[in-house]
Amino acid sequence: MDILKVEEIKKSFSGVNVLKNINLSIKSGELHAIVGENGAGKSTLMKIIAGELEPDSGKIYLNGKEVQFHSPLDAINSGIALIHQEFSLVPQLTVYENIFLGREISKRFLGINFVDRKEMKKEAQAVLKTFGIENIPVDSKIKDLSVANKQLTEIAKALSTNSKILIMDEPTAALTLRETEKLFSILTNLKSNGVTIIFISHRLEEIFQIADSVSILRNGELIATKQINEVSMEEIVSMMIGKSMSNRFPPKPSKKIGDKFFEARNLSSDSFKGINFSLRKGEILGIAGLVGCGNTQVGESIYGLRKFDGEIYFEGKKINISKPTDAIEHGIFLVPEDRHDLGLVLQLSVKENHSLPNLDLFSKVGFVSTSIEKKSVKDTISYLNTKVSSINQRVDNLSGGNQQKVVLGKWLVRSPKILILDEPTRGIDVGAKFEIYKFIYEQSSKGVGIILISSELAEVLNLSDRILVMSEGRITGELDPQSATQEDILRLAVKGKES
Amino acid sequence: MTISKSNGFIRKYGVIFGLVGIIIFFAIESPNYFFTPSNFILISKQSSINILLALGEMFVILTAGIDLSVGAIAGLVGAVSAGTIVATGNLFLGLAAGIGVGIAFGLINGVIVAFAKVPAFIATLATMSAITGITLIYTQGEPIWNLPSSFDFIGQGNLADIPFSIILMALAFIAAWIILEKTKYGRHVYAVGGNIKASRAAGIKISAVLVSVYAISGLLSAIGGIVLASRLGTAEPTAGSGYELDAIAAVVLGGTSLFGGEGWVVGTIIGGYIIAVLNNGMTIMNISAYYQEVVKGLVILLAVMLTSFGKKYWNE
Ligand SMILES: Nc1ncnc2c1ncn2[C@@H]1O[C@H](COP(=O)(O)OP(=O)(O)OP(=O)(O)O)[C@@H](O)[C@H]1O
Ligand SMILES: [Mg+2]
């Protein structure tokens, strides 16, 4: 029985065909995964189903009846909820206000409806509790939350609508294994209550873990829909990218790791304590941990984005870092975790975002040389295979993964000494991940020290030369990736948490 | 530059159609007086002061700020320049003093916004009030007369048959265009207005950008103030009042976003011309000044509504 069917959906943006004739059926009660390269059209299709975009042509059937949505509210009222890839939360409002945005609970007093904050807080707390994330304070503002907690709030918001069809656009991209497992047990639960789930992810293992069926999109076309037990990972990958890919990780280069050239001594702040570690030239140092363990904050502190106590030694000297320009001067760069917050200026074009930290390289006596600039943008775009309609396209019109490539790409231009990569592959497709891994290896072979902060354990285990694990703001252990397993990391990641 | 073809078309070019439409309207209504070369020179002359102020205002608005003190600065600078010239008899000393005062108050605005982190609206509302007071104290509330004819040239004279104030406006436009479109600094202005956190993370010196845009606004207000005093032939203590609203209106009509990060210098010029053409055309048509204000307000509202509607339409 198909609960949802879309027929001959077409959509174009300023002349570019993003969806070309999509036909897709979703069975009632199944968990249907959608995969495809960055820019394949996944999010666009989901936004159409959830009433946020109108298709140029085509039909949508719900339980066999044709429906037309003119707004997200229409879709919500028909029982469809969408969890956005780029969050749709209001940053200045609190967690509970966001969860009930547009559906505020009210109480009547003297004939007037007043919002019932107490009730909303209580309800929000309950929603978070069913999800096991009651540690997010309901009255903290969204803008103060980590990416992972924003994601969890976004999920809680959708769950609280009690929808029949739940669409999740890369819900796990910012989550670590632990939260992902929690999410999956909730999804299983929802499924047994008859909820249909559409699930997008670039982490293909997840799809084999929980999906019943999978549809593959490529370049705006539906390539195939398969039962999950009929296909292999390799087949999915080759349908996604149009060619086969035997390995997810490039071969490890034979490189010589140099001398220790960076040392952090006794760093502490309100989100971490007593952090000591060193980095060698050409070394890839993974820092793993669960959501909220403080690894992101350590990275941002070293880059001068946060205040901290402690000392940093670099190339034999004590250095002072109190703002990003200090770090940049020493050749220390950060690819931030939250692309909308720290990575991009959304109103500006791909070109302008790319150039932002590099204008000194592209300009002569203060004037930007458009030819040097254009060449650099184009080289980076082709190197990372970024899908843009032109280099003057606004970045907020790019797909999520392509936005991430712009963030990453702007630092490739410079020759860093230390590169702090915070979730560098968040939302990036398998093909492009491979390219990014190759880039990380290339840089480290050149002697760049790399600090890799990642929630993807496979990534940390495969790429790192050494792994630090953090829990509750402290380093709880060091592991050798040659011998360590995911379980070892997890054990250290929850150390001090149980008590 | 920041406006890509895909979704900025209406926003960018709509304002040009708006200007052309208004010109056609008045040309039909008044072909003999309105649609003449000499009247267009007059309109340019009339718009020059507002456009000078608006160009400075635009730098500030691009960083998501606002400068309410531009009119007050223009008034003070006119008085200081005139006063210095009358006292010393030295034209250049007078101009330098005026421009110095304009930049100084711009810097004060910038420092208050960038370092004391006072919201721009409040900061410049306060300085607007203070500067207006300073002007009244300095002039004792009396206009400054008896300016030398060399001073009159700036606002009234011609260079090769072109009014000098139009030349000043054109130079300011070219400079603003080059700075915003072609230089590293211009890119930083847009970026800071678009996303201050990401700009900081990209290594941009935020405070330097913020302080400098207010200084630029102060400089252009000073030039505008000198042209104004010169045109009137006297420095009236309250000459600049109300100019901030026309400057902001020109910038917004030109498609610059009050949220920062988006805007086009050419748009600001056209916005300034729309206001000037309306004033001029309605005066020629003998519409009373009271009604003119109402019509101006409605046209601004309509234009901004059309651009935002056009933007939405184009985005779909
Ligand atoms: N508002 C818009 N204006 C112009 N182009 C757009 C707009 N929205 C999306 N696109 C383009 O449509 C294409 C598909 O985008 P979409 O977000 O659906 O990709 P996706 O499959 O979700 O990719 P990802 O895995 O990176 O999230 C992209 O090339 C993108 O640039
Ligand atoms: Mg997407």
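I am working with a predicted model, where local features need pLDDT of at least 70, side-chain atom pairs count only at pLDDT 80 or more, and totals for chains, interfaces and linings use all residues. Residues are numbered from 1 along each chain as its sequence is written, chains are lettered from A and ligands numbered from 1 in the order in which they are written, and side-chain values use heavy atoms, with hydrogens and water left out.

Interface. I looked up contacts (heavy atoms within 4.5 Å) and found 33 residues of chain A against 29 residues of chain B. The buried area (accessible area, 1.4 Å probe, that two parts lose on being put together, summed over both) is about 2500 Å², with 54% from carbon and sulfur atoms. Gln347(A), Leu356(A) and Arg394(A) supply 20% of what chain A buries against chain B, more than any other three residues.

Salt bridges. With the rule set as a side-chain nitrogen of Lys or Arg within 4 Å of a carboxyl oxygen of Asp or Glu, I get three across the interface of chain A and chain B. Arg394(A) pairs with Glu262(B) in a salt bridge, the closest N and O atoms being 3.1 Å apart.

Metal. Taking donors as N, O and S atoms within 2.8 Å of the metal (3.2 Å for Na, K and Ca), I note that water is not among the atoms, so sites may look incomplete. Ser43(A) (OG) and Gln85(A) (OE1) coordinate the magnesium ion (ligand 2) at 2.0 to 2.1 Å. I checked burial (under 20% relative accessible area, 1.4 Å probe, protein chains only): Ser43(A) is buried at 17%, and Gln85(A) is buried at 11%.

Methods: Buried means under 20% relative accessible area, exposed over 50%, partly exposed in between (1.4 Å probe, protein chains only).
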